[in-house]
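Have a look at the picture below before reading on.

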Amino acid sequence: MDINNAAWVDGPGENVRVGVHKLRQPGPGEVLIRNHAIAVNPFDCLQHLTGNFVDYWPFIFGYDLAGEVLLVGDGVSGFVSGQRVLGQALKQSLENTAFQEHTIVHADLVCPIPESMKYEEACVIPLALSTAAAGLYQEGYLALPLPRVEVERLDKTLLVWGGSSSVGSAVIQLAVASGFDVVTTASTRNFDHCRKLGAKVVFDYSSSSVINDLIRTLKSERKVIGAFSAVSLPSNIISTVAQVLSEVGGGFVATTKPPPEDLPINVSAKMVFAADYAGREGKKLFQDFLPTALRTGRYQALPRPHVVGHGLRSVQVGVEVLSKGVSAEKVVITI
Ligand SMILES: NC(=O)c1ccc[n+]([C@@H]2O[C@H](COP(=O)([O-])OP(=O)(O)OC[C@H]3O[C@@H](n4cnc5c(N)ncnc54)[C@H](OP(=O)(O)O)[C@@H]3O)[C@@H](O)[C@H]2O)c1
């Protein structure tokens, strides 16, 4: 097997150091992938810069990767050496993280990608997809019907706050594929982005009338089934989403951050955990839905990649760029 280099971080806030990381054969149910593109997520930045939720150092970060299959473990079918795939690492061990040349990924979280899709496009998908699915499909969350390539429309509407974020972009696409209409918010420059994903109506979240606009529009929809809050800021964002939902009949809000305790009486909310969902039910997405959805264009690799560099050293640049904030973009490094 090849040498494996990784983007090591020795402690909170330390710069990335490129160095060798051991490589092993994939075990039962695992796939060894040679990564060609990786994407940076806000949680990678938080962990890298603060050390929060990191149990030991040095560490290697990263959830999102795309590349080619090198080896498959016992019991894995449907993947062959050289196949182009995307995959989600769960950061369960250092071998199962994305910011290195090779990653061992559970086969349930690996998906073949079309020939026409570049690796830097494909790697924007995995974590956002499973975060969205964690809120949309789990019991105890919105519990929607699973997405389908042949969509059956249900005349029901979901409110998505933050349709241009990575998570919001995935929520829109999955909700539409599950048959729901989507009303969302974004800045005006990203209205087209949200419409391209399938949103029916988009409002500017910075407009002074956004709450009234949403309430008026949602009241005209046949049935509002709940909301997904897909951004982290401002800090009172979940209360705002809950206020809108409360005015149109109440319901459940899936959120990417912990909800406040003082919600309106007719609204409940719960934070999603992408890794929990992906670890248990990822196959329903990565294998049962996504391969055909990518081939047919039902699911698009958006937001677009912003390639900030080539090589593992550029992970440092990626963390710095994402920490400053992005707009309908995913920070990507090719390797
Ligand atoms: N719990 C989990 O398992 C989990 C998993 C993944 C992510 N997350 C969290 O989910 C959050 C989103 O992650 P991400 O990667 O999707 O973020 P992201 O893509 O980096 O978010 C940037 C986007 O947020 C939008 N935005 C910023 N403020 C907004 C507001 N007030 N209203 C509406 N949109 C707003 C921006 O829209 P415009 O450019 O249009 O202004 C921009 O496109 C992060 O806090 C992340 O840590 C949690």
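R195 is partly exposed, at 44% relative accessible area (partly exposed lies between buried, under 20%, and exposed, over 50%, using a 1.4 Å probe and protein chains only). A salt bridge here means a side-chain nitrogen of Lys or Arg within 4 Å of a carboxyl oxygen of Asp or Glu.

Before going further, note that this is a predicted model, where local features need pLDDT of at least 70 and side-chain atom pairs count only at pLDDT 80 or more, while totals for chains, interfaces and linings use all residues. Residues are numbered from 1 along each chain as its sequence is written, and side-chain values use heavy atoms, leaving out hydrogens and water.

Back to R195: its side chain meets that of D192 in a salt bridge (3.3 Å, N to O). The two sit three residues apart in helix α5 (residues 191-197), so about one helical turn separates them (helices are DSSP runs of H or I with at least four residues, strands are runs of E with at least two, and both are numbered from the N terminus). D192 is exposed, at 55%.

In the whole structure, 15 salt bridges are found. One of them joins E95 and K22 (3.6 Å, N to O). E95 lies in the loop between β6 (84-88) and β7 (102-106), and K22 in the loop between β2 (17-20) and β3 (30-40), so their pairing ties together parts 73 residues apart in sequence. E95 is buried at 14% relative accessibility, whereas K22 is exposed at 57%.
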